Amino acid sequence: MYRILNYIFSFILIYLFILEANNEDHLHIFLGLLLSVLVAYIAFFGNWISLDATKAVVIFGTIIFGLGGWSLAVAVLMFFITSNLLTRWNRVQREKYSGKKYRKSGNSKRRDGYQIWANGFWIALFCILWYITGSEALMVASFTALATATADTWATEVGTVRPGKTVKINTLQPVRPGSDGGVSVKGTIASALGALLISGIIFTTDTVSPFFLFIIVFQFGFIGSIIDSYLGALITDNRIRLKAPSDFSGNSLMFSNSFVNWASTGTSALIALIITNLII
């Protein structure tokens, strides 16, 4: 499936480059391609993504760098860098407090193409539509999807390290830290800070109402992470396990989590899009 997304987004990018972009846009897209290749292979050699995922990163990055402008590009880089650093911090802290070494094997900690598009699909889609139409509401939707992905990642990585009391979001029953649908005070605060980081970058964009858009992105980015937890709880309660494709690097549980990430980023972004259109 993610290879199909690679082809679709590549085709759209080529179409826009040939038929829609002006000379300045051509330069931005070309620079975006170069920067994305650089980022993809740094991420690969840093053990952050699989070799196959470099294709998705290059396509996604070219769309963001080339069509979305520097503000969205910086926001994506902030998400990518902080999420991977927090993943490593999480592992170090768990080793410290558990007293045992967690063995890394193969690509266990690398993100594959499915995981790249699970978080990046809606960001890229709304970025393309924003480029075509110039609508600020679509810019807000793209930033909100990114804020949701960041908030969820920060909540997971920070919230599973000595989190204190963790409860299931829909029943408030105590659960093991890291369980689907589990929330804690520590993780919730981290989620809000992740959404705040991304929403703050709105002030660097060329918009006439940055504070209002900041509130929208922050609010629905944070709400998106709550939606993510709730969907995870519902899937667990109903014992739903999506069958992972043969080329997925993880198991069925991880694939279900990727689907939840895709659904929550899309839901929060669509709500932000509707609200922004109604108010602006």
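How many Å² does the accessible surface of the chain come to, and what percentage of it belongs to carbon and sulfur atoms? In this predicted model, the accessible surface amounts to about 13,700 Å², and carbon and sulfur atoms account for 67% of that area. The chain contains nine helices and two strands.

**Fold and dimensions**

- Read from the N terminus, the order of elements is α-α-α-α-α-α-β-β-α-α-α.
- Along the principal axes, the C-alpha atoms occupy a box of roughly 55 × 45 × 35 Å.

**Packing and charge**

- Buried residues make up 49% of the 280 residues in the chain.
- Among contacts with a separation of 6 or more, 74% come from residues 24 or more positions apart.

**Backbone at two loop residues**

- Most residues other than glycine have a negative phi.
- Asn-47 has a positive phi, near 65 degrees, and is located in the loop between helix H2 (23–45) and helix H3 (53–67).
- Asn-47 is classed as partly exposed because its relative accessibility is 34%, a value between the cut-offs of 20% and 50%.
- Leu-172 likewise has a positive phi near 65 degrees; this residue sits in the loop between strand E1 (167–168) and strand E2 (182–183).
- Leu-172 has a relative accessible area of 59% and is therefore exposed, the cut-off being over 50%.

Definitions and conventions: Residues are numbered from 1 along each chain as its sequence is written. This is a predicted model: local features need pLDDT of at least 70, side-chain atom pairs count only at pLDDT 80 or more; totals for chains, interfaces and linings use all residues. Side-chain values use heavy atoms; hydrogens and water are left out. Helices (H or I, at least four residues) and strands (E, at least two) are DSSP runs, numbered from the N terminus. Buried means under 20% relative accessible area, exposed over 50%, partly exposed in between (1.4 Å probe, protein chains only). Contact means heavy atoms within 4.5 Å. Accessible areas come from the Shrake-Rupley method with a 1.4 Å probe; for residues, only the protein chains shown count as cover.
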